[in-house]
Amino acid sequence: MAAVTRVSVHLPFSNVNPTRRRSVAALPRRPPLAETANRYRGFSIFAMAAPTVLVTGAGGRTGQLVYKKLKERTDQFVARGLVRTEESKEKIGGADDVFVGDIRDSSSIMPAIEGIDALIILTSAVPKMKPGFDPTKGGRPEFYFEDGAYPEQVDWLGQKNQIDAAKSVGVKQIVLVGSMGGTNPNHPLNSLGNGNILVWKRKAEEYLANSGVPYTIIRAGGLLDKEGGHRELLVGKDDELLATETKTVPRSDVAEVCIQALQFAEAKNKAFDLASKPEEAGPATKDFKALFSQVTASF
Ligand code: NAP
C-alpha cells in the first residue's frame, strides 16, 4: 500500500476555537419529505426525511470528495463538513455548513454534531516527511508525526470522541473509513513515524462496533487519485485482497461507497476491505446493494 507522502502545514492544537457555534437558522433546510421518502425504501431510519450527514476530515483528500458528493445530492442529503482549520474551510468553499473543530477536543466538534442523522469519519493522522530527503540519492524518506497528532491521539482518541459525540445525539449510522493491513501487527505502516497507525485505527473500529450505533467500517486499500465510477469494486475480509494484484481503489470510489452505505440496510453493521480492479478489467460497479450483500463480516 502506498504510504502517505503529503507534506502539510498544521495549525497548533491551541489555535482551535472550541466555542465556535452557529445558529440553527443559518444551516440549510431539509428538502420536503415527499421529495425524499421513496429514496430510502428498505432503510427505515432514513424513510422520514433527507438525513443530515456530517463528514469529518472534509478538507482531506477523500473527505472533500464525500462533502462534494453530499452537496450535489440536495434532494437526498443535507450536507455538513468538519475541518480542522479556517484555511481548510476556505479550500472547500467556505459554506456555512462547514464547521471548524478538532476531533481531539470533544467540545469543539459538538456544534457540528448536534442535529445530525449520520456521521462519516474520514479524519486520520497524517505522517509528514522529515526534511532533507533527496529522492535523487535513492533510499527511503523518513516520516514523523507532530506532537499531539500521533495516531493514538487522532485515529484512536479522536475517532472515539466523534463516536461518543454522535452517539450522544442519537445518530442512526456511523461510517468509518479505515485501512487494510490491520491484521498484521508488523505491517510497515505501523513503523511509519513510530505511530502504530493501523493498530490505533483498528482499536477505533472495535470501539465503534461495540458502541451500539449501527455502523459500516470500510477498510480501504491503497488510495488512488483517479476518477471514480469506472471500476469494478471488490469487497473482502481479513486483508485477503492484499495478497492479490487488486489492492488499490480510487478515493472517489471510496467516497461513493461511504454515501451508498447510508442508503442500504445491507451495509449496516458490517466491516469490509475495499479495493478495485483496474479500469476496463471488469464492469463498473453500479449495484451497491449487491456489493454490500456480498459482505458477511462484522467487526
Ligand atoms: P487525508 O487527506 O490524509 O485527510 C485526513 C484528514 O484528517 C485531513 O483533512 C486532516 O485535516 C484531518 N485531521 C487530522 N487530524 C485532525 C484533527 N485533530 N481534527 C480534525 N481533523 C483532523 O485522508 P486520505 O488520504 O483521503 O485518507 C482517508 C482515509 O483512508 C484515512 O483514514 C487513511 O488513513 C485511509 N487510508 C489511506 C490509504 C492511502 O493509501 N493513503 C490507504 C488506505 C486507507 P488537515 O487537512 O487539517 O490536516
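**Chatting through a predicted model**

Student: Okay, and where is helix 5 kinked?

Tutor: The kink is centred on leucine 157 and comes to about 25 degrees.

Student: What span should helix 5 have, and how far apart are its ends?

Tutor: With 18 residues at 1.5 Å a residue, helix 5 should span 26 Å. Its end C-alpha atoms are 24 Å apart, which agrees.

Student: New topic: the ligand. How many residues surround it, and which are the closest?

Tutor: There are 30 residues around the ligand, and the closest are Thr62, Arg84, Asp102, Lys201 and Arg251.

Student: How do those shell residues divide into nonpolar, polar and charged?

Tutor: The shell has 10 nonpolar residues, 13 polar ones and seven charged ones.

Student: Which strand gives the most to the shell?

Tutor: Strand 7 does, with three residues. Strand 9 (222-224) also supplies at least two.

Student: Which backbone atoms lie by the ligand's oxygen atoms?

Tutor: A backbone N or O atom of glycine 60 lies 3.0 Å from a ligand oxygen, and leucine 223 has one at 3.0 Å from a ligand oxygen as well. For arginine 61, a polar backbone atom is 2.9 Å from an oxygen of the ligand. The ligand taken alone exposes 920 Å², and the protein buries 94% of that.

Student: Let's switch to arginine 104. Is it buried or exposed?

Tutor: Arginine 104 has a relative accessible area of 19%, and buried means under 20%, so arginine 104 counts as buried.

Student: Where is arginine 104, and what does its side chain contact?

Tutor: Arginine 104 is in the loop between strand 3 (98-100) and helix 4 (106-113). Its side chain makes a polar contact with the side chain of aspartate 102, at 2.7 Å. Also, the backbone oxygen of glycine 148 lies 2.5 Å from a polar atom of the arginine 104 side chain.

Student: Last one: which phi does asparagine 194 have?

Tutor: Asparagine 194 has a positive phi of about 50 degrees, although it is not a glycine. Most residues other than glycine have a negative phi. You'll find asparagine 194 in the loop between helix 6 (188-191) and helix 7 (197-209), and it is exposed, at 66% relative accessible area.

Student: And what about aspartate 238?

Tutor: Aspartate 238 has a positive phi too, about 55 degrees. Aspartate 238 sits in the loop between strand 10 (233-236) and strand 11 (248-250), and counts as partly exposed at 46% relative accessibility.

Conventions
Residues numbered from 1 in each chain as written. Predicted model: local features only at pLDDT ≥ 70, side-chain atom pairs only at ≥ 80, totals over all residues. Heavy atoms only, no water. Helix = DSSP H or I, 4+ residues; strand = E, 2+ residues; numbered from the N terminus. Buried < 20%, exposed > 50% of the residue type's maximum accessible area, 1.4 Å probe, protein only. Polar contact = N/O pair within 3.5 Å; in protein donor to acceptor, adjacent residues only side chain to side chain. Near = heavy atom within 4 Å. Areas by Shrake-Rupley, 256 points an atom, 1.4 Å probe, with all protein chains shown as cover. Nonpolar A, V, L, I, M, F, W, Y, C, P; charged D, E, K, R; others polar. Expected span 1.5 Å × (residues − 1). Bend = angle between axes of the 7 residues up to and from the residue.
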